[in-house]
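I opened my notebook to look up a few things about this chain. The entries follow the order in which I checked them.

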Amino acid sequence: MRKQTGYQRRLSPVMMAGVLLCVSCTSLEGTEYEKTSAPEKKGWSAEGAGKISARQTANPNWWKSFRNAQLNNLIERAVSDNIDLKVLVARTNTAEAAIGQVRAASLPSLRAGAGASFDSSTGVGSSSQFNTATSLSWELDLWGKAKKGVEAQQAEVRATQADWRAGYLSLVSDVAITYFQILQFDEQTKQQEKVLGDSQRILKTLESMQQEGVIENTRVLQQRAEINQQSKDLLEIKRLRAIAENSLATLLGTPAGNLRIPPGTLTQDVTIIDVPAGLPSDLLMRRPDIVAAEYRVLRAYNLTAEAKLARLPSFGLTGRAGSASFKLSDLLKSFTVGILPSLDIPIFDPAVNTRLKVSEAETKVAREEYRSVVIKAYQDVENALVNLESHKQQRKELLAQLAELRSVAGTVNEQLREGMVSQLEVFESGRSLLATEMAVLENKQLILSDTVRLYKALGGGW
């Protein structure tokens with residue numbers, strides 16, 4: 001131990017020189033972290049007057065406003081069993097565990113061991129030796145390099161948690177939109193079957209008229225071709241319904257083909273939500289993908305600071321203790337103990353300088369990615385608002401058209417009873433009415449899906 005102490009005294013001036021060198025540094029880790037700037041918006045172009053606060057808009061269970069118990073149940077199952085969401089949970093757990101791994105670099109490391117050696121030579125005899133050894137190594141984190149590494153990993157944990165929220169929001173949105181599509185297909189199937197039935201009755205009327213010589217055979221052939229097209233359209237609707245059901249099964253963590261959604265009606269089973277005017281633009285800052293991008297900027301900044309601190313001298317402390325003896329019985333009778341301080345000054349280390357350059361470049365990438373996410377978020381909100389407003393305006397026109405066609409259909413039925421029109425004209429009127437009803441149905445599905453996309457674009461509700 002005296003030898004090591006003497007070495008420590010001889011090393012002290014060098015260590016002091018390193019300390020003075022580092023104290024003279026004006027900035028150890030660089031400038032203080034600043035929030036990344038991004039283009040700002042004062043409001044949304046497709047909104048009316050008025051302004052409400054972000055607190056007033058918070059609604060974590062926004063999908064319940066659609067007032068559909070089946071949808072609520074499906075979302076609950078998806079959140080519980082979706083595989084992709086479980087992967088995001090596992091990534092968060094991995095990031096949290098990595099904090100301990102990073103922090104361990106600044107903690108003392110203690111090791112212990114024992115050994116024995118046996119030698120035998122011809123004419124000399126045999127010899128044996130036994131030994132024990134314990135070693136302690138510790139790199140002192142005087143400049144906070146390890147601390148910056150821990151802070152960087154903590155920022156990554158926050159980013160992965162935001163990734164989970166983004167996945168959660170996407171999952172809920174996808175379940176809702178897919179379920180709305182299934183209900184639309186169910187109602188379209190009923191409407192298409194009615195259209196097909198009316199067309200078949202029209203065909204019988206035309207065939208009778210053709211036999212009586214009132215119309216040409218080409219008119220009958222045209223009607224049969226139209227029935228073939230309508231039958232094909234009905235099969236296509238059923239196919240799309242099955243595909244949507246398979247997609248929903250995957251979202252729920254269920255093998256495709258194992259899920260059966262009871263038939264429903266979009267018109268009666270789902271309520272359209274009114275979007276309040278004057279949505280605050282700062283709602284966007286709670287979007288999980290924006291939050292994740294900002295935390296990754298912070299992570300890159302901390303890794304850059306860590307790389308800068310790696311250029312400074314590092315101080316280490318190594319301790320050893322052990323014993324050795326030619327007899328096992330004498331092994332614990334004598335011990336040797338030593339302490340060895342060390343100073344490592346990276347005067348020229350290409351790896352350290354390269355790591356710093358890479359970290360600074362990655363920080364710039366993270367900042368630009370953050371700005372890109374914000375710009376894309378603005379587009380998502382604006383598109384959702386434009387689509388929602390446009391489809392609501394179209395709905396007014398479609399409902400007015402539907403009312404007019406219903407009035408026409410009523411008049412034609414009255415004229416049929418009075419013998420003023422043929423049954424064929426009644427069928428034609430009813431077919432036009434059904435076509436408009438299908439357009440109204442599709443329009444409602446678009447409005448509901450636009451509303452969900454707006455919730456998603458704004459980060460989960462208002």
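What pattern does the chain follow, read along the sequence? I wrote it down as α-α-α-α-β-β-α-α-α-α-β-β-α-α. I noted at the start that this is a predicted model.

**Entry 1: the chain as a whole.** I counted the elements and got 10 helices and 4 strands. The chain has 462 residues, and 38% of them are buried. For the accessible surface I have about 26,100 Å², with 54% of that belonging to carbon and sulfur atoms. I then looked at contacts between residues at least 6 apart in sequence, and 84% of these join residues at least 24 apart.

**Entry 2: the largest core.** I looked next for nonpolar residues inside the chain. In soluble globular proteins, nonpolar side chains tend to be buried together. The largest nonpolar core here has 35 residues. Those that touch the most other members are W62, F66, L71, V175, F180, L248 and L252. I also listed the elements that give two or more residues to this core: α3 (69-81), α4 (83-103), α5 (145-211), α6 (217-251) and α10 (423-457). Which of them gives the most? That is α5, with 11 residues.

Entry 3: I picked L252 from the core list and looked up what it touches. Not counting residues up to four places away in sequence, L252 touches L74, R77, A78, D81, N82, V175 and L259. V175 is on this list and also on the list of core residues that touch the most other members. Apart from this core lies another one, of 21 residues, which includes A293, A300, L385 and L458.

**Entry 4: Q184.** I went back to helix α5, where Q184 is found. Is Q184 buried or exposed? Its relative accessibility is 6%, so Q184 counts as buried. Leaving aside neighbours within four places in sequence, I found Q184 in contact with L266, L441, E442 and Q445.

**Entry 5: a patch on the surface.** Last, I checked the outside for nonpolar residues. W138, L317 and I339 form a nonpolar patch on the surface. Together they have about 230 Å² of accessible area. I took I339 for a further check and found it in strand β4, which covers residues 336-344.

Terms used:
Residues are numbered from 1 along each chain as its sequence is written. This is a predicted model: local features need pLDDT of at least 70, side-chain atom pairs count only at pLDDT 80 or more; totals for chains, interfaces and linings use all residues. Side-chain values use heavy atoms; hydrogens and water are left out. Patches are made of residues with over 30% relative accessible area and no salt bridge: like charges are joined within 9 Å, nonpolar side chains (Val, Leu, Ile, Met, Phe, Trp, Tyr) within 5 Å. Accessible areas come from the Shrake-Rupley method with a 1.4 Å probe; for residues, only the protein chains shown count as cover. A salt bridge is a side-chain nitrogen of Lys or Arg within 4 Å of a carboxyl oxygen of Asp or Glu. Buried means under 20% relative accessible area, exposed over 50%, partly exposed in between (1.4 Å probe, protein chains only). Contact means heavy atoms within 4.5 Å. A nonpolar core is a set of buried Ala, Val, Leu, Ile, Met, Phe, Trp, Tyr and Cys residues joined through side-chain atoms within 4.5 Å.
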